[in-house]
Amino acid sequence: MTMDSDPLAHLRQQIDALDSELVALLGKRLAVTKQVGEIKSRVGLPIYVPAREAQLLQKRRAEADALGLSPDLIEDLLRRIMRESYQTQHVRYQCTKPDLGKVVVIGGHGALGSVFLEMFERSGYQAEALEKDDWDRSAEIFCDAGLVLVSVPMKLTEQVIQRLSDLPSDCLLADITSTKAAPLNAMLEVHSGPVLGLHPMFGPDVSSLVKQVVVVCHGRYPERYQWLLEQMQSWGAILNESTAKEHDDAMSFIQVMRHFCSFVYGAHLAGENPPLEQLIQFSSPIYRLELAMVGRLFAQSPDLYADIIFNNKDSVELLKRFQHRFNAALEVLEAGDKGTFIKEFFHIGQWFGDFAKKSLVESKKLLLKADDDRS
């Protein structure tokens, strides 16, 4: 078909030209945001400023509305562009405590430990990893340490902490373990200096710490580790404070219960052995996302998830209560009692409250993205 006989050819040429202009504009924008990152690093500004991002989105939404464009479309585009721009700024960060001395990450060559080791190096600290073969020279490594960060498998955390009784008195001892009460108590017993418990709520596959949540459980002398909290905020992390018990109780629901249920669902699929490719092909975006979350679990370390699930003995009773509710719901189904099901459905919806409506809106955005990615 020639251009003369194709009624869309001219319009498609215009679209191609406009798309090229968009690409060029994005290149210019990213170049500017890279300069922004360099200045932020020099003057000590955090990479992520929530108020600035919200203000920018609000203005662009208003401009879109005035032009007859969808504000949601513009916000979606800008959020994706800003996420990429944060990566261009993820180069160097200001050091919030230049006189700290050495940062030692025990397990710094591991998955999550290497993330923190890199972040400290990007911030200008002298950072060093200590692995299991380095303990014979640990006294030498620890002698001038200002921070020792424990990043080892959960089952080894307390055992490693017990070996840290000879740290410098002013050294900060911290950990990044998924449980907090036992490691925090162990650190307080073995070290007389500042102590801090951290739980990064992300995995080692993050591209940066922008908008990543870190739970903070205070230990001893918080004024002497305020610099570390400020350092993590400069990386873009969102800090949420908690007691160790509150944290561990919440993790029973957030981690243990979800991972265990995903494990059982995966085990049931494997046992029933349906054609997986057919399930994927027949699934709408919401079901593909749910299936992907289960599949994601089994692409990762079984040791890690075994430690998370087995470490908290209180979770067994929680999961037994879940089993009881599952069985009760199954009895309602077997009895054909739709009325009871609907009544319980409304009751649960009231418990979720406004979060249910927010979840509906937010999930629609995720589903649109999932649908866009399907080829």
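Q: How far apart are the end C-alpha atoms of helix H4 (residues 111-122)?
A: This is a predicted model, in which local features need pLDDT of at least 70, side-chain atom pairs count only at pLDDT 80 or more, and totals for chains, interfaces and linings use all residues. Residues are numbered from 1 along each chain as its sequence is written, and side-chain values use heavy atoms, with hydrogens and water left out. Helices (H or I, at least four residues) and strands (E, at least two) are DSSP runs, numbered from the N terminus. The expected span of a helix is 1.5 Å times one less than its number of residues, so the 12 residues of H4 should span 16 Å, in agreement with an end-to-end C-alpha distance of 17 Å.

Q: Which elements are included in what covers the buried residues of H4?
A: Buried means under 20% relative accessible area, exposed over 50%, and partly exposed in between (1.4 Å probe, protein chains only). In H4 the buried residues are Leu112, Gly113, Val115, Phe116, Leu117, Met119, Phe120 and Arg122. Their cover, counted by contacts (heavy atoms within 4.5 Å), includes strands E1 (102-106), E2 (126-130), E3 (145-150) and E5 (195-200), and helix H8 (226-234).

Q: Which residue just after H4 takes a positive phi?
A: H4 covers residues 111-122. Just beyond H4, a phi of about 90° is taken by Gly124.

Q: Is Val264 buried or partly exposed, and at what relative accessible area?
A: Val264 lies in helix H9 (residues 244-272). Together with Phe260, Phe263 and Phe298, Val264 makes a nonpolar surface patch of about 360 Å². Val264 is partly exposed because its relative accessible area is 41%.

Q: What separates the C-alpha atoms of Phe345 and Asp175?
A: Phe345 sits in helix H14 (residues 338-352). Phe345 is exposed, since its relative accessible area is 56%. Phe345 and Asp175 are 170 residues apart along the chain, and their C-alpha atoms are separated by 41 Å.

Q: What does the UniProt annotation covering residues 101-363 say?
A: The end C-alpha atoms of this span lie 45 Å apart, and the span is 57% helix and 14% strand. UniProt positions are given in the numbering used here, feature names are shortened, and annotations may be inferred rather than shown by experiment. The unreviewed entry labels residues 101-363 "domain: Prephenate/arogenate dehydrogenase".

Q: What percentage of the residues in the protein chain is buried?
A: The protein chain has 15 helices and 7 strands. Its C-alpha atoms fill a box of roughly 80 × 65 × 35 Å along the principal axes. Of the 375 residues in the chain, the buried share is 36%.

Conventions: Patch = residues over 30% accessible without salt bridge, like charges linked within 9 Å, V, L, I, M, F, W, Y side chains within 5 Å. Areas by Shrake-Rupley, 256 points an atom, 1.4 Å probe, with all protein chains shown as cover. Salt bridge = Lys/Arg side-chain N within 4 Å of Asp/Glu carboxyl O.
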